[in-house]
Amino acid sequence: MCGIVGYIGDKRAADILVNGLKRLEYRGYDSAGIALVNGELDVLKKEGKVSALAELLGEKMPSGSIGIGHTRWATHGAPNDVNAHPHVSQSGAFALVHNGIIENYDTIRERLEEKGYTFASETDTEVLANLIEDVQRSTGLPLPEAVRQALTQVSGTYGIAIVSEEDPDMIIAARKGSPLILGVGDGEYFLGSDAAPIVEHTRKVVYLNDGELVVIRRAGYEVRTIQNVKLEKEVHELEWDLERIEKQGYEHFMLKEIMEQPDALEDCLRGRVRLGQNIINLGGLIDVMDRLANADRIVIAACGTSWHAGLVGEYLIEQFTRVPVEVEYASEFRYRKPILRENDVVIVISQSGETADTLAAVREAQQQGVLVLGICNTVGSTIARETDAGVYLHVGPEIGVASTKAFSAQVLVLAMLALKMAKLRETISDDEMSECLRSLVQIPQKVRQILEQAPVIEGIAQAYRYASNFLYLGRGYNFPVALEGALKLKEISYIHAEGYPAAEMKHGPIALIDHFMPVVFIAMNDSTYNKVVSNIEEVVARKGTVIAITDNGESLNRLCEFVIRVPETHEYLTPLLTVVPLQLLAYYIAVMRGCDVDQPRNLAKSVTVE
Ligand code: AGP
């Protein structure tokens, strides 16, 4: 979703801003722009990619050592040059970029129109710019103070950055509901909606919290609350490094992230499993582990792929601990007045740690006084900071919009969590535990073996690249994997795909089966294997074409067009293996269809608006 970048120092700001915007491309956007202060205010913006903006800037980049930039993901008004950010206040005195949504923008706009303000765009952002100007005009306050007062009049969410023609030594930034990070350099400062545009310049960062405003000058910065209380902020060290946000020779980030899963899973396991002693160490949960282990019920809230990981978590936690688990879409949980009791524990799962609905679920649960835990990838993200405790995935930044390595690591963390709880609740024997852990640590190597089959899967993709529909079917632990496989395909190739529990096929989807309908079955040799094979027979009898993911010998060859074999493992770990061929299949089909794999249309990496 929208991205913000800012720079103040002594270097040419335009270079840093355009480069920063490129780093933010992965978030999803449809226009880009920058504002520089260089004697006057220079605003350049363009519909389309950052490359189109760079072209507009031309060979001779504008000079100026202070500026802000933005990638916009349209909410209010079409994606075009006029609606692109930055927006300039009516007098042209300052420019503003904005992430989030000002919910009461229409009433503010009417009020301002009555006072004679006119608007060039359809955006809520231009309304905010003129509101700030109006406050400044009517009060005569300095700009930072006018910004602060204007922000008390708006409802909704914002991450904003402002530069002013009158003060070439100041960026003002503020946040509520949309993340902002201040990068602290040597005599220079950087601003980012995440760490991507900052990390190549400095690893020292200050995370702004909701309701905070910062005034940044070359000589230093000052953070205040919107209520005007001065704050001393801690400077953190970024865990990201530049190498991890570059493609390193891969054609796409998504492929890189699929291929690095064995290493990512090893990183996620590192220091957490002690085989000989049957110990699982989840440091972030030490203080709450007893409460978690003694929970009466666990509610998991998440969105998209993270929700699918949550569904696997339900199977895991219920199997190993017998504690009832409910998995909720965070967007539903937040509004349906969920009933939570004292000994319930809410676990939220979010790769980005910034998803608006998931964050709202955290706040709803906290308001009801229950323990809220987070499973996040992005260190220092809002959800990671606002939850009572949690576990990081430690798989490095995920840039491809389609989540891959984060899903695998989320499932791995949930598996460790389930086993840890089982040990504390004494619902697992020592022998069973050591067998489970032995299988767990073998997973990265088994994923490596699957990835070696990438050329074979590419061949299968070739056969199906023109399909219009796909069905994905699996049971038990692999039902959520079927959902995830279907989501991967639809989000990057735009092929319609649905996932179902295999047995549900007879209750409706079977009507769709004909020789144009490829059906992907996950048929692992577990308690339901024979039943899944019967479902395959039913599809074949109706001339459907079947691709099977299995750990079973040759028996499926007779029935299936293609069989992708994965190594055997303990049933509870099978999602970590079966998801990998599905990621690759979706990837190759999308590439063959000429789709923009890393930035699929209309999608955003972190969905920071409702
Ligand atoms: C995954 O491929 C999707 N792009 C999307 O469903 C994503 O998982 C969802 O938006 C949740 O994001 P989060 O994990 O960052 O909260």
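Predicted model: local features only at pLDDT ≥ 70, side-chain atom pairs only at ≥ 80, totals over all residues.

**Values and definitions**

Trainee: Where does His 70 lie, and what does its side chain reach?

Mentor: His 70 lies in strand β4 (residues 66-72); helices (H or I, at least four residues) and strands (E, at least two) are DSSP runs, numbered from the N terminus. Its side chain reaches the backbone oxygen of His 98 at 2.9 Å, and a polar contact of 2.9 Å joins it to the side chain of Asn 99.

Trainee: What makes the pairing of His 70 with Asn 99 a polar contact?

Mentor: A polar contact is a pair of N or O atoms within 3.5 Å; within protein, one must be able to donate a hydrogen and the other to accept it, and residues adjacent in sequence count only if both atoms are side-chain atoms. The distance for His 70 and Asn 99 is 2.9 Å.

Trainee: Which class of accessibility does Glu 212 have?

Mentor: Glu 212 has a relative accessible area of 7%, so it is buried. Glu 212 is found in strand β12 (residues 212-217), and its side chain makes a polar contact of 2.7 Å with that of Lys 233. Leaving out residues up to four places away in sequence, Glu 212 touches several others, including Ala 173, Arg 175 and Tyr 207; contact means heavy atoms within 4.5 Å.

Trainee: Which class applies to Thr 382, and which to Gln 449?

Mentor: Thr 382, at 2%, counts as buried, and its place is in helix α12 (residues 382-386). Gln 449, at 36%, counts as partly exposed; its place is in helix α14 (residues 430-451).

Trainee: How do you know the relative direction of α7 and α14?

Mentor: Helix α7 (residues 261-269) and α14 pack at an angle of about 170 degrees, with their axes 8 Å apart. Axes are lines fitted to C-alpha atoms, for helices over the stretch in contact, and angles run from 0 to 180 degrees between N-to-C directions. Angles under 35 degrees count as roughly parallel, over 145 as roughly antiparallel, 65 to 115 as roughly perpendicular and the rest as oblique. The two helices α7 and α14 are therefore roughly antiparallel. Among the residues that meet are Leu 265 and Leu 269 in α7 and Val 447 and Leu 451 in α14.

Trainee: How many residues has the largest nonpolar core?

Mentor: The largest nonpolar core has 103 residues, and Ile 298 and Phe 470 have the most contacts inside it. Helix α13 (residues 405-425) gives the most to this core, with 14 residues. A nonpolar core is a set of buried Ala, Val, Leu, Ile, Met, Phe, Trp, Tyr and Cys residues joined through side-chain atoms within 4.5 Å.

How values were computed. Residues numbered from 1 in each chain as written. Heavy atoms only, no water. Buried < 20%, exposed > 50% of the residue type's maximum accessible area, 1.4 Å probe, protein only.
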